[in-house]
Amino acid sequence: MKKIWIIIKREYLSRIVKKSFLFTTLLVPLLMGAAMFIMIKVGSTTKDHLKVLVVDESQLFIESIDKMNNGEDLVFKPMIESIPLDSIKKTYESLGYDALLYIPNMDIENPIPLTYYGENQPGLVTKSLIIDELSTTLKIKKLKAKGLDESFAKDIEKDIQLNIETIEGTKKGNTEVAAIFGYISGLLIYVYLLFFGSMVMRGVAEEKTNRIIEVIISSVRPFQLMVGKIVGIGLVGLTQFLLWLVLGIGVNFLIATLFKENLAEMQQMQSGVSQAADPSSRDILLGLFNGFGEVNLFRIITGFIFYFVFGYIFYGAQFAALGSAVTDEGDTQSLSFPVTIPIIVSIFLMASTLAQPNSSLAIWSSMIPFSSPIVMMARIPFGVPIGQQIASMVILVLSSVFMIWLAGRIYRIGILIQGKKISLKEIFKWMFYHV
Amino acid sequence: MELLEIKNIKKVFQKNLALNDVSFSIPKGSIFGLLGPNGAGKTTLIRIITQILGPDSGEIYFNGIPLKQEKINSIGYMPEEKGLYKKMKVGEQLLYLAQLKGMSSKDAKTQIRFWLEKLDIVSWYNKTLDELSKGMHQKVQFISTVISQPKLLILDEPFSGLDPINANLLKQEILELNQKGTTIIFSTHRMGDVDELCDDIALINKGQIILSGTVKDIKNQFKENIFKADFTGVEESEIHKHSHFIRKEDNHFLFKLAEGQSPNELLKGLISNGFEINGFSEVIPTINDIFISQISKNNQI
């Protein structure tokens, strides 16, 4: 046991003190912070600051134009005088306006497209504001023309709000936010499995092609060396995750305080404008900030650590077994293929899970140990029945233990075979050899 | 007293008989040569002794007790294919390997200092292997093997790739360790080194021991009663006429004793022929001769 600790210590420390580790560990949260910073800056500057002159030849929208005014930033002014379009197009700028909105004469039954003249394109928010407001007015006028009461006509405009409460109960569910968290956790597990898995494989292959392996296994059992390596590298991954968590929360908090006003404004705009435009980066960003309150963060983080640890053991063991079969550094790529495929397939399963977290495909793939680390992490933010999660966890733990045992049987043979290129069939046979 | 007794070891690799009923013993404090052509089963045998592999049948006794995994710390092994971590510093590497042999960090550091000073390479402590030459690697590898002060040291081709000066240096270190009581198994194809260093040998071919014992006994066993003599003032043709003469080799004349004849009688005969003798000695076969003759004889069977 003492020797395993010595191995774990070396595997861990030799990677932690590397410059590349420090670099990625510090750089990733910084880059994320920088991205957030840019998104907030962009988010607040894209808010249009416009003064628009409105020419309404139809005379249908006079009273709606006032409603479009949004404080001091966005001002819509109806033109009282009757000036032909051609001449006002040339003079609106000199009158102090940034843009001209032309509403041609039309019949409410046959709306004609409006035209926006300006030096620049209007922002998405401005555009949807104009369309939404004027469409609403048009609809109400149509209903009135059919003889319906105006208050009824306004009533019909009210949208349905869908409030979601999950079993976890205490927090209000929000599908978009859950999807964001599911996506990020699933993707992070995917990256971790591939990254640290291949690190295990390279480590094993290095010791073998280096020939130091024979010196080491004349001091410790091959199984001890394999487990020590897997654990040591796994701890590197865990350390990195925890550092990211701490740094990430730190950066998040910093940005939240520094840009308190910008964020509040963005939130206001989001609630003020209906979701006509596509979900923008701003929505995702807001989702992240608000999301901490809306998803069960504790369950996500503990789930993440669990699925990372055991998913990593499950796959790390396979990577170690295949690494032991490497006889030439060039083999690494082709030999790692059979292990990376299920990981990549899991990412596709995750995508379908995010769309339908409770489909039978999602449930099954969150049970099967090959895909459960990624798929279950995508499901957890949506709320998973605790029984299903426990079943999935038990299956994964048992499979990891089995996989370590199986990998040990391959590893002890593989590390001693030098020279010839090894096929998967041979690796399979090694399981049954005795040494 | 035997340090290691190997009894009836058998090992089969997928229908391939690697070791067949191998038995021999290694006296405590000896330098033991494990010899044999490529593919004879030496590495397999060494791997069984170092517990990397287990035998299919047979036993190994270490100090009279069946060899178990716990004894692994008492065995130092330097494989033929040398290898260390390329990106790790020499000092850290030695410390790691010593700790894996069960040494405390404190003892290991004392030993590292001792050996680096002894081989005059203290300045390498903070260098990575990448920065050192191949010959330097070998020195580090040697230190890593002996640092845990093993009772049994297994060296597989320890001099390969070393220049004569460094090979000699290493040879002196090995002899010094042996004098301090370390038993050494030495596997090599350089027969000159075996003649020079080994007290005992075992010759292995096709998975079987075909010869084992002390170097002295084996040489005695294979000597062919041939004597060499040097002469002055004698016509070479005269010598060639002598009934016991067989051939000339490196300016020495070789004579073979007849059945039941003593060297003394041969010498008397030569003198009575009027030859003036400058030197007279028995021709002892070298390990190289024995190796070649025995292996080719064994291969013909």
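In this predicted model, the axes of helix H2 (residues 90–100) of chain B and helix H4 (residues 134–146) of chain B come within 9 Å of each other and cross at roughly 30°. Because angles under 35 degrees count as roughly parallel, H2(B) is roughly parallel to H4(B). The crossing of these two helices, H2(B) and H4(B), is right-handed. On the side of H2(B), the residues in contact are B:Val90, B:Leu94 and B:Leu97, and they meet B:Val140, B:Ile143 and B:Ser144 in H4(B). By class, the residues of the contact of H2(B) with H4(B) comprise 5 nonpolar, 1 polar and no charged.

From H7(A), the residues A:Gly182, A:Ser185, A:Gly186, A:Ile189, A:Tyr190 and A:Leu193 meet A:Pro373, A:Ile374, A:Met377 and A:Ala378 in H15(A). The contact of H7(A) with H15(A) has 7 nonpolar, 3 polar and no charged residues.

H7(A) also packs against helix H9 (residues 222–258) of chain A, at an angle of about 145° and with the axes 10 Å apart, and H7(A) passes H9(A) in a right-handed crossing. The residues that make the contact include A:Leu188, A:Tyr192, A:Phe196 and A:Glu207 of H7(A), together with A:Leu225, A:Lys229, A:Phe241 and A:Trp244 of H9(A), among others. The contact of H7(A) with H9(A) has 12 nonpolar, 3 polar and 2 charged residues.

| Helix pair | Angle between axes | Distance between axes |
|---|---|---|
| H2(B) and H4(B) | roughly 30° | within 9 Å |
| H7(A) and H9(A) | about 145° | 10 Å |

Between the chains, the area buried by chain B and chain A is about 2500 Å², of which carbon and sulfur atoms give 57%. The contact takes 29 residues from chain B and 21 residues from chain A.

A search of the whole structure finds 20 salt bridges over all chains, and the count between chain B and chain A is 2 salt bridges. One salt bridge links B:Arg47 with A:Glu214, where the closest N and O atoms are 2.9 Å apart. B:Arg47 lies in helix H1 (residues 42–49) of chain B and A:Glu214 in helix H8 (residues 212–216) of chain A, so the pair joins two chains. Another salt bridge is formed by B:Glu81 with A:Arg211, with the closest N and O atoms 3.7 Å apart.

Terms used
Residues are numbered from 1 along each chain as its sequence is written. Chains are lettered from A and ligands numbered from 1 in the order in which they are written. This is a predicted model: local features need pLDDT of at least 70, side-chain atom pairs count only at pLDDT 80 or more; totals for chains, interfaces and linings use all residues. Side-chain values use heavy atoms; hydrogens and water are left out. Axes are lines fitted to C-alpha atoms, for helices over the stretch in contact, and angles run from 0 to 180 degrees between N-to-C directions. Helices (H or I, at least four residues) and strands (E, at least two) are DSSP runs, numbered from the N terminus. Angles under 35 degrees count as roughly parallel, over 145 as roughly antiparallel, 65 to 115 as roughly perpendicular and the rest as oblique. A crossing is left-handed if the near helix is turned anticlockwise from the far one by less than a right angle, and right-handed if clockwise. Contact means heavy atoms within 4.5 Å. Ala, Val, Leu, Ile, Met, Phe, Trp, Tyr, Cys and Pro count as nonpolar, Asp, Glu, Lys and Arg as charged, and the others, Gly among them, as polar. Buried area is the accessible area (1.4 Å probe) that two parts lose on being put together, summed over both. A salt bridge is a side-chain nitrogen of Lys or Arg within 4 Å of a carboxyl oxygen of Asp or Glu.
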